[in-house]
There are 2 protein chains.
Amino acid sequence: MAMEYLSVTNAQQCILESVTALGAEPVKLEQSLGRVLAEEVRANRDIPPYDVSAMDGYAVRSADLAKVPATLEIIEDIKAGDMPTKTVQAGQCARIMTGAPVPQGADAVIRVEDTQFLAEGKVQINVAVKRGNDIRVQGESMRNGEVVLTAGTEITPGVIGVLATVKCAQVQVHHSPRVAILSTGDELEGMDDPVDPNKIPNSNSYALMAQVQALGIAPALLGIARDDPDELAEYLQRGLHFDVLLVSGGTSVGVHDYVRPTIEALGVQMKFWRVAMKPGHPLAFGILQRNSGGTTKDTFVFGLPGNPVSSMVCFEEFVAPALRRMTGHARLYRRTIAARLTHNIKHQAGRTEFIRVTLAKEEGGYTATSTGAQGSGMLLSMARADGLMAVPADSTGLAAGSMVTVQLLDGTVFQDDVGFKE
Amino acid sequence: MAMEYLSVTNAQQCILESVTALGAEPVKLEQSLGRVLAEEVRANRDIPPYDVSAMDGYAVRSADLAKVPATLEIIEDIKAGDMPTKTVQAGQCARIMTGAPVPQGADAVIRVEDTQFLAEGKVQINVAVKRGNDIRVQGESMRNGEVVLTAGTEITPGVIGVLATVKCAQVQVHHSPRVAILSTGDELEGMDDPVDPNKIPNSNSYALMAQVQALGIAPALLGIARDDPDELAEYLQRGLHFDVLLVSGGTSVGVHDYVRPTIEALGVQMKFWRVAMKPGHPLAFGILQRNSGGTTKDTFVFGLPGNPVSSMVCFEEFVAPALRRMTGHARLYRRTIAARLTHNIKHQAGRTEFIRVTLAKEEGGYTATSTGAQGSGMLLSMARADGLMAVPADSTGLAAGSMVTVQLLDGTVFQDDVGFKE
C-alpha cells in the first residue's frame, strides 16, 4: 500500500470502484420516496383511457363551425366519470366537463368561455376550431404496455404520481445500506454522561447520524470505544456486521498507529488512508469480505478524522457518493453551482480545500462568502454553511469577484459528476 | 370576493399573510433533522474546554526556538483524554497528540513532521514558530453561555452536530402541520379497486402525499369523495379537523359549482379561487376558524386542480411555502438557479407559465431543456423534471440561449424570496 496522498477524485474513484448497488426488496408506495426503482415499470392501460375533454365546454363536430357564430342543439350532458350514451350528429353538440369522455361523432371541444347558452337546449358557438381542439387523445400521456419508468429511477413525488397512475401499490427498490457509526477516544463524553470539564462531547456520532439520515437511511449508533485495543476490537467487530461502518477519531494515538492495526487485524483490507484535502486527512478506506448466510458480502469501512468539521466534510466527499451508489442511485454527487466570491481567499498550493460558505442571491446568480474561521473544530461554521467551496489544489489564492464552484449541502437530487476542479 | 385572476405572487402573499408558525413540542435529537428550533440554544461549556493541540507533535516554549534546530528534553507524553501532570520548563517539551490539552509552560505546538526524534528522551525541533502555533485556544469554537443557535434555525446535520456538542438530547421544535389529502370525482379509481376501463386512476392523492413527505411531514390520505353533496360534505368535514386540507379535483362539475359551495357551507371563508398561471387555475384558498379544546385554530383549505401536473405545480407554488411557514421556517421558497435555455419557447402573454425542464451542466452553469409536451395530464414530464422554469406573464416567447430562472424541485434548504419574475 502506497504512502502517497491520493487526490480527492482518485480517492472517490477507489471507493466507487469497490461499491455496487445492493439487491432489491418490495416497499409500499407510501414508503418509497427517495428510494431507487430496481425494476422497470409499464403502463397497465392507456392514459387517458379514452379521448377526454381538456376543458369545461361543448363537444362539437368541427365541420359544423365553418361559419360562426353557429347555433347547435345540446343532446347530452357529460361529466367526468360518465360514459356518453348518444352520438353527436350534424348540428348537435354535448355539454362536457374537463376529464369527461368525448362522445361519438364529436371531434373537438369548445371551451365554455367561447360560447353563449341560448334558451331551449341550444348553444351559440363563437369560434371555429380545428379537429382535435382541446381534446386529450387516448394514450397521449401513457400507452398501455409502454415502459414508463426504467430501473434506476430515483423515486421523486412526480415518479410516485406515475406509479400511482399504473397502480403500483408496492414497488421493488434497492435495499438501503445498513450503516453503523462508531466514535473512538478516551477524551469523549457520551450524550447521557454528566458534564466533565476535562472531556469533549461526542458530536461526531450525531452529525454523522444526521448526514446518513439526510440520505434517507436510518443508521445505528454504536457509541464510543475507548482507547483500549480489546474494547476497540469488540466495538469494531460489532460494526463489521453492517454494510458500512463509519469510525470517527482514534487520533488520540494516531489513526495510523492504533485504530488501523486493530481494523486490519480483524481482516479489513485497507485501500488508502491519506487524501490531499483540507480539512480532512487522515481518511482511511477499507473492505472486509464477510460471510453472510453462505454468501460473501462486503463491509466498507471508513476511518474518518476526529475533528468535527473534517469528519462531516469527508462524509460528504467520500461516504455520501458510496451510500448513493449502494442505494441504486446513478447521480452520486451533490449539486454544484457557480457563485461569485465576495472576498479574497488565501490558499497554499498542495491540497484541495473545502471552505464552508453561505450563499446569497444577486442579479443572475449567487455570491459565496466564507462562514469565517475555517478551523476544523469550528462546527458552528458547518451549521451556518449553505455549501462547500472547492479550492483547487494548485490554486495560490482566489481574488474577490472570482467565479467559484460551490457544492450545495442540501438536496435530494444529485449530479453525475463531482463538478469541481481539484 | 373579487372575480379577477390573482398573480402568482399576490396569491402567495394572500396565503402567507394568513399562516403563522405552529407552537412548540420537544423531540429527541435523533428525530429532529429537518425541523426548526423553537428556542435559542446556548453553549454549556467552552469548546474546546481547554487549550488543545491541533496536531500530533510537541508542546514547546516558543522562546526556546530562537535558534533552530534546537534540542529539547521530552518530559511527558500527553494523549487526548489525558490531563498533563508536569509544567514545561526552559529546554523542555511534551509529546502531544491532536486534541490533547497543552501543558502548563508550553505556548506552541510543533507538528511531528517538523521534528526529529533523538535517543535518550530528546527531540530536535527544526522550525521556529510564533506563540500559539497549532494550538486551538479554550473557547475558540464556543464560549460557555453564548447563544450558539437562535430560534428559527433549520436543523441540518451541522446543527445536529452543534446540538450534540452542547448535549441537547432533546430540543424544542415547531409542530409539523397535520395535513389531510382528499381527491374528488366520480371518474376516479382507488388504488385497491380493480382496473375499470372507464375510470381514471387516482394519482393526485399519492403525488401530493409524496410532496408533503418531501417537506418532512407525514400526511393523512382521506381517499376519494364521489360527486355527491352529502358524501363530499362528510369527507370535507373529516378533513377540516386537520391544520391543512388539500382537495384535488371535483372539476367534473366545476370547482366553482360544486366543491366550493360545499366547502363554504361548512364555514370556510374563501379568499380566492383564480390565479393567472399555467398550468394551474382554478386554485382555491380558504380558511376555517375551528374550535379546538376551547381555543380557536385555523384550518387552511387548498382547492387544487384535478389535472395531475397542475395539482403538483400548484402545490409547489402555494402549499409548500405555507407548510414551510407553519413548520417555523424563514426560508419559504424553493431554490432558484439561472440556466441557459437550449431552444425557443413559445408563450402567449397573460399568465405566468411553469415549464417542466431538465437541467444539464455546462461550463460555468446549467442549461435548461423542456421535458417535451407540457399538457397538464403529462405526469411523466413531472417525473423527469429537475425544475420548473418560470416564464413571466408578459413574455411573448423566449429565444434559445436566453438566461432563464429555474426553481429546483428537490432540496431541503429553501430561499428567502420567490426568485423569479412573473
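Mentor: Let us begin with burial. A residue is buried if 20 or more other C-beta atoms lie within 10 Å of its own, with C-beta atoms placed from the backbone. Please keep in mind that this is a predicted model. By that criterion, 51% of the 422 residues of chain A count as buried.

Trainee: What radius of gyration does chain A have, and what would a compact globule of 422 residues have?

Mentor: The radius of gyration is taken over C-alpha atoms. For chain A it is 30 Å, whereas a compact globule of 422 residues would have a value near 22 Å. Along the principal axes, the C-alpha atoms of chain A fill a box of roughly 95 × 60 × 45 Å. As for contacts in chain A with a separation of 6 or more, 71% are between residues 24 or more positions apart.

Trainee: How many helices and strands are there in chain A?

Mentor: Chain A has seven helices and 26 strands.

Trainee: In which sense do strand 22 and strand 26 of chain A pair, parallel or antiparallel?

Mentor: In general, strands of a sheet pair through backbone hydrogen bonds, in either a parallel or an antiparallel arrangement. Here, strand 22 (residues 336-341) and strand 26 (residues 403-408) of chain A are antiparallel, with five bridges. Within this pairing, Thr336(A) is opposite Gln407(A) of strand 26. Strand 22 of chain A also runs parallel to strand 24 (residues 365-370) of chain A, to which two bridges join it. There, Arg340(A) faces Thr367(A) of strand 24.

Trainee: Turning to chain B, what is the strand order of the open sheet of six strands?

Mentor: The order is 16-13-17-21-20-18, and the pairing is mixed. Strand 16 (220-225) and strand 18 (269-272) of chain B are at the edges; each has a single partner strand, so one side of each lacks a neighbour in the sheet. From one strand to the next, the twist averages 20°. Phe272(B) has Phe285(B) in strand 20 as its bridge partner.

Trainee: Which strands does helix 3 of chain B touch?

Mentor: Helix 3 (residues 204-214) of chain B packs on the sheet and touches strand 13 (179-184), strand 16 and strand 17 (244-249) of chain B. The direction of helix 3 makes about 160° with that of strand 13 of chain B. Helix 6 (residues 308-326) of chain B lies across strand 17 and strand 21 (295-304) of chain B, and runs at about 160° to strand 21.

Methods. Residues numbered from 1 in each chain as written. Chains lettered and ligands numbered in written order. Predicted model: local features only at pLDDT ≥ 70, side-chain atom pairs only at ≥ 80, totals over all residues. Pairing = 2+ DSSP bridges. Helix = DSSP H or I, 4+ residues; strand = E, 2+ residues; numbered from the N terminus. Rg over C-alpha atoms; globule rule 2.2 N^0.38 Å. Buried ≥ 20, exposed ≤ 12 C-beta atoms within 10 Å, placed from the backbone. Contact = placed C-beta atoms within 7 Å. Axes fitted to C-alpha atoms, helices over the stretch in contact; angles between N-to-C directions.
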